[in-house]
Amino acid sequence: MAAVQGTTADLTEVAGLPLPAVLGVGGLLLGLLLAVVGRMLVRGLARQRADQADERLRGVVHQVLDSDVVQPIGAELSSYAAFRRGIETARG
């Protein structure tokens with residue numbers, strides 16, 4: 001009713017201030033506090049998940065590199081070494 005009449009005479013007061021003003025300022029401060037705390041929590045969680053994703057990605061890359069590059073090259077080098085031994089044996 002006070003908002004319609006434009007008077008604050010019949011509003012409940014807290015510490016000498018009208019209750020709507022106290023609630024408004026309190027809500028604003030609580031919102032800012034929650035924004036700061038939420039940002040810190042999200043930043044920490046994002047860092048943790050990024051580290052986990054990096055670890056998994058590096059593991060997969062290492063596994064694929066080993067199976068698709070290192071092992072085939074090792075097999076080719078073994079084959080080449082056997083070939084060279086055969087040539088040296090044939091030369092006498």
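This is a working chat about one predicted protein chain.

Trainee: What kind of model is this, and how are residues numbered along the chain?
Mentor: It is a predicted model, in which local features need pLDDT of at least 70, side-chain atom pairs count only at pLDDT 80 or more, and totals for chains, interfaces and linings use all residues. Residues are numbered from 1 along each chain as its sequence is written, and side-chain values use heavy atoms, with hydrogens and water left out.

Trainee: What pLDDT does the chain average?
Mentor: The average is 90, and 89% of the residues score at least 70. Here pLDDT is the predictor's confidence in each residue, from 0 to 100.

Trainee: Which element has the lowest mean pLDDT?
Mentor: Helix α1 (residues 2-5) has the lowest, at 58, while α2 has the highest, at 95. Where pLDDT is low, the predicted coordinates should not be read in detail.

Trainee: How many helices and strands are there in the chain?
Mentor: The chain has 2 helices and 2 strands, in the order α-β-β-α along the sequence. Both kinds of element are DSSP runs numbered from the N terminus: helices are H or I with at least four residues, strands are E with at least two.

Trainee: How far apart are the end C-alpha atoms of α2?
Mentor: They are 104 Å apart, which agrees with the 108 Å that its 73 residues should span at 1.5 Å a residue. The expected span is 1.5 Å times one less than the number of residues.

Trainee: Where does α2 bend?
Mentor: At Asp66, by about 40 degrees. The bend is the angle between axes fitted to the seven residues ending at a residue and the seven starting there.

Trainee: And what follows α2?
Mentor: Gly92 follows, with a positive phi near 95 degrees.

Trainee: Changing topic, how many salt bridges are there?
Mentor: The count comes to 3 salt bridges, each defined as a side-chain nitrogen of Lys or Arg within 4 Å of a carboxyl oxygen of Asp or Glu. One of them joins Arg47 and Asp51, at 3.9 Å from N to O. In another, the closest N and O atoms of Asp54 and Arg58 are 3.1 Å apart. Glu88 also pairs with Arg91, at 4.0 Å between the closest N and O atoms.

Trainee: Is Arg47 buried or exposed?
Mentor: Arg47 is exposed at 55% relative accessibility, whereas Asp51 is partly exposed at 42%. The cut-offs are under 20% relative accessible area for buried, over 50% for exposed and partly exposed in between (1.4 Å probe, protein chains only).

Trainee: What share of the chain counts as buried?
Mentor: Of its 92 residues, 1% count as buried. The chain exposes about 8,100 Å², with 65% supplied by carbon and sulfur atoms; areas come from the Shrake-Rupley method with a 1.4 Å probe, and for residues only the protein chains shown count as cover.

Trainee: Which residues make the nonpolar surface patch?
Mentor: Leu30, Leu33, Leu34, Val36, Val37, Met40 and Leu41 make a patch of about 690 Å². Patch residues have over 30% relative accessible area and no salt bridge; like charges are joined within 9 Å and nonpolar side chains (Val, Leu, Ile, Met, Phe, Trp, Tyr) within 5 Å. Met40 lies in helix α2 (residues 19-91) and is exposed at 54%.
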